[in-house]
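The overall build of the chain follows after that.

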Amino acid sequence: MNPRLFRGSALLALISLTFSGCSNLSPGENAGLFGAVGGAAAGGIARAAGMNTAGAVATGIAAGAIIGATVYVITKRQATERQRQIAEQRARRAYRVMPERRKVAMQKKKVRYIAVDTPRDERTSPKAESNVMLWDTQSQEIVGNDVYDVQATPAIGSTARFETYSAEYVGAGS
């Protein structure tokens with residue numbers, strides 16, 4: 001094993017353990033911190049693996065952006081029938097009026113799902129900015145029956161992570 005790679009991995013593990021005590025940071029601060037650390041680690045690993053400096057920097061920036069762009073989900077719970085119906089209506093409408101070039105771009109990015117707003121209810125966390133459900137563009141139906149309370153609403157058209165799903169946020173779908 002390459003000694004530099006081994007030292008870098010050990011340093012990364014040490015940093016990870018050090019920052020695991022950052023529970024008092026806000027979700028935005030955590031996203032920025034871990035995005036920066038994760039990006040630096042990815043760039044360092046790429047450089048240690050033999051990539052040139054410019055390529056390693058690009059890899060680190062991309063990895064940091066992906067890590068930092070993960071949506072902070074406050075809670076996940078079962079949707080009410082009303083939330084499910086409204087989310088499905090909004091998602092169908094959003095996908096129907098979505099320009100073909102945007103659908104092609106989603107396919108190229110391998111993004112199969114769209115995230116759509118659904119109404120708040122009495123179970124919505126007071127910290128939540130919006131409630132979101134996911135819709136599968138291939139099967140043309142809501143994914144599961146989960147509502148995600150998100151702390152900060154993603155920008156419309158941006159791709160965000162919800163657990164294991166990458167979804168393009170469409171808002172209320174209008």
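The count comes to eight salt bridges, a salt bridge being a side-chain nitrogen of Lys or Arg within 4 Å of a carboxyl oxygen of Asp or Glu. This is a predicted model, in which local features need pLDDT of at least 70, side-chain atom pairs count only at pLDDT 80 or more, and totals for chains, interfaces and linings use all residues. Residues are numbered from 1 along each chain as its sequence is written, and side-chain values use heavy atoms, with hydrogens and water left out.

Among the salt bridges are these pairs:

| Pair | Closest N to O distance |
|---|---|
| Lys76 and Asp146 | 3.8 Å |
| Arg92 and Glu88 | 2.9 Å |

Lys76 and Asp146 form a salt bridge. This pair links distant parts of the chain, 70 residues apart: Lys76 belongs to strand β1 (residues 73-78) and Asp146 to strand β5 (residues 146-150). Helices (H or I, at least four residues) and strands (E, at least two) are DSSP runs, numbered from the N terminus. Asp146 is buried at a relative accessible area of 17%, while Lys76 is partly exposed at 41%. Here buried means under 20% relative accessible area, exposed over 50%, and partly exposed in between (1.4 Å probe, protein chains only).

Arg92 and Glu88 both sit in helix α4 (residues 81-97), four residues apart, about one turn of the helix. Arg92 counts as partly exposed, with 36% relative accessibility.

Glu168 is buried, with a relative accessible area of 3%, whereas Arg102 is partly exposed at 27% relative accessibility.

As for the chain as a whole, the protein has five helices and seven strands. From the N terminus on, the elements run α-α-α-β-α-α-β-β-β-β-β-β. Of the 174 residues, 35% count as buried. Among contacts (heavy atoms within 4.5 Å) between residues at least 6 apart in sequence, 59% join residues at least 24 apart. The protein exposes about 10000 Å², of which carbon and sulfur atoms supply 58%; accessible areas come from the Shrake-Rupley method with a 1.4 Å probe, and for residues only the protein chains shown count as cover.
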